[in-house]
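Please read them alongside the sequence and coordinates.

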Amino acid sequence: MSIETAPKLNWWNRIANPGQFVIWTKPLLWPLVIVTAVLFVVGLYFAFFNSPQDYQMGDTVRIMYVHVPNAWLSQFVYGVMTVSAVGTLVWRHPMADVSMKAAAPLGALFTALALFTGSLWGRPTWGTFWEWDGRMTSTLVLLFIYLGLIALWRAFDDQLRAARVIAVFTLVGAINIPIIKFSVDWWSTLHQPASVFRADGPRMPGSILTPLFVMFFAFTFLFITLQLKAMHTEVKRRRVIGLQRRMAQGDRA
Amino acid sequence: MIDLGPHAVFIVWAYIGVAIGVAGLIGWTLYDARTTAGKLAALEARRAA
């Protein structure tokens, strides 16, 4: 087949090649770093110098500007892992399990930070750092799921076999995401119901929504940047493992 | 710096905790990238030799 008659590869097939994926996405890293840094500077300026006290929470509303983005990412990252797990099991896309593995530690940290900032907000607002209510308990379960998945990745030598097993566990764990989301509606929880993402619009003024949304995008861009970098590293790590195996076989022969 | 009111300690520690967590995550990601790239370069050099 000549070059002229060869079928053209679409972007989906092209990024299925780990080397091509790295070449295509590497130029995105620095622009992403700059956008993330600018968003954090603007977000922190609004959070501390250009937003009012809440009429009920007072200044503790400023904790929301780091708590809500981390809570959002704790679930969003798991969503990314779930889509990657489907990509691994259904399409056997080579980059899907790389994405799944790279996202797990990031999701674990965002979940831990959501719990940490939530407890620091809870003490002055509810009078307690922790309560075993639906939202907090299901988020703690999510943290344990992340840690379990990280441990599973480390337990396997064969990363391709690990990917299929972990993809199944990831899909089973995904049942916890709607439980976290709807826990405040299903049970009488101490945690308040949704106040930003609602069918009838957010229940807060623009002066508080602005820093919240800027920080929301800052943390989301941070995740995208770190996820890309971690995926590049994972591609290299697999190449290291492949080379080490080939060299060991060569030494034995 | 603005006055953070009677609960300033909770606000300040929330931001310090997040800053430490995010800095740690960035540092770990870069360290992992650097050590893995170093290993790959060393192996490829050994293979080429």
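1. Transmembrane annotation. An unreviewed UniProt entry places the feature "transmembrane region" at residues 28-51, 71-91, 103-122, 134-153, 165-188 and 208-228 of chain A. UniProt positions are given in the numbering used here, feature names are shortened, and annotations may be inferred rather than shown by experiment.

2. Basis. This is a predicted model, in which local features need pLDDT of at least 70 and side-chain atom pairs count only at pLDDT 80 or more, while totals for chains, interfaces and linings use all residues. Residues are numbered from 1 along each chain as its sequence is written, and chains are lettered from A and ligands numbered from 1 in the order in which they are written.

3. Two of the annotated spans. Residues 208-228 of chain A are 100% helix and 0% strand, with end C-alpha atoms 31 Å apart. Residues 165-188 of chain A are 83% helix and 0% strand, and their end C-alpha atoms lie 36 Å apart. Helices (H or I, at least four residues) and strands (E, at least two) are DSSP runs, numbered from the N terminus.

4. Domain record. UniProt, again in an unreviewed entry, lists residues 35-191 of chain A for "domain: Cytochrome c assembly protein". That stretch of chain A is 81% helix and 0% strand, and its end C-alpha atoms are 32 Å apart.

5. Chain A overall. Chain A has nine helices and zero strands. Its C-alpha trace spans about 70 × 35 × 35 Å along the principal axes. Of its 253 residues, 35% are buried (20 or more other C-beta atoms within 10 Å of the residue's own; exposed means 12 or fewer, partly exposed in between; C-beta atoms are placed from the backbone). Among contacts in chain A (C-beta atoms, placed from the backbone, within 7 Å) between residues at least 6 apart in sequence, 77% join residues at least 24 apart.

6. Chain B has one helix and zero strands, and its C-alpha atoms fill a box of roughly 65 × 15 × 5 Å along the principal axes. Buried residues make up 10% of its 49 residues. The contact between the chains takes 24 residues from chain B and 29 residues from chain A.

7. Arg62(A). This residue lies in helix H4 (residues 61-91) of chain A. Arg62(A) counts as buried because it has 28 C-beta neighbours inside 10 Å. Not counting residues up to four places away in sequence, Arg62(A) touches Ala47(A), Phe48(A) and Ile11(B). Arg62(A) and Phe46(A) are 16 residues apart in sequence and 9.7 Å apart in space, C-alpha to C-alpha.

Terms used:
Contact = placed C-beta atoms within 7 Å.
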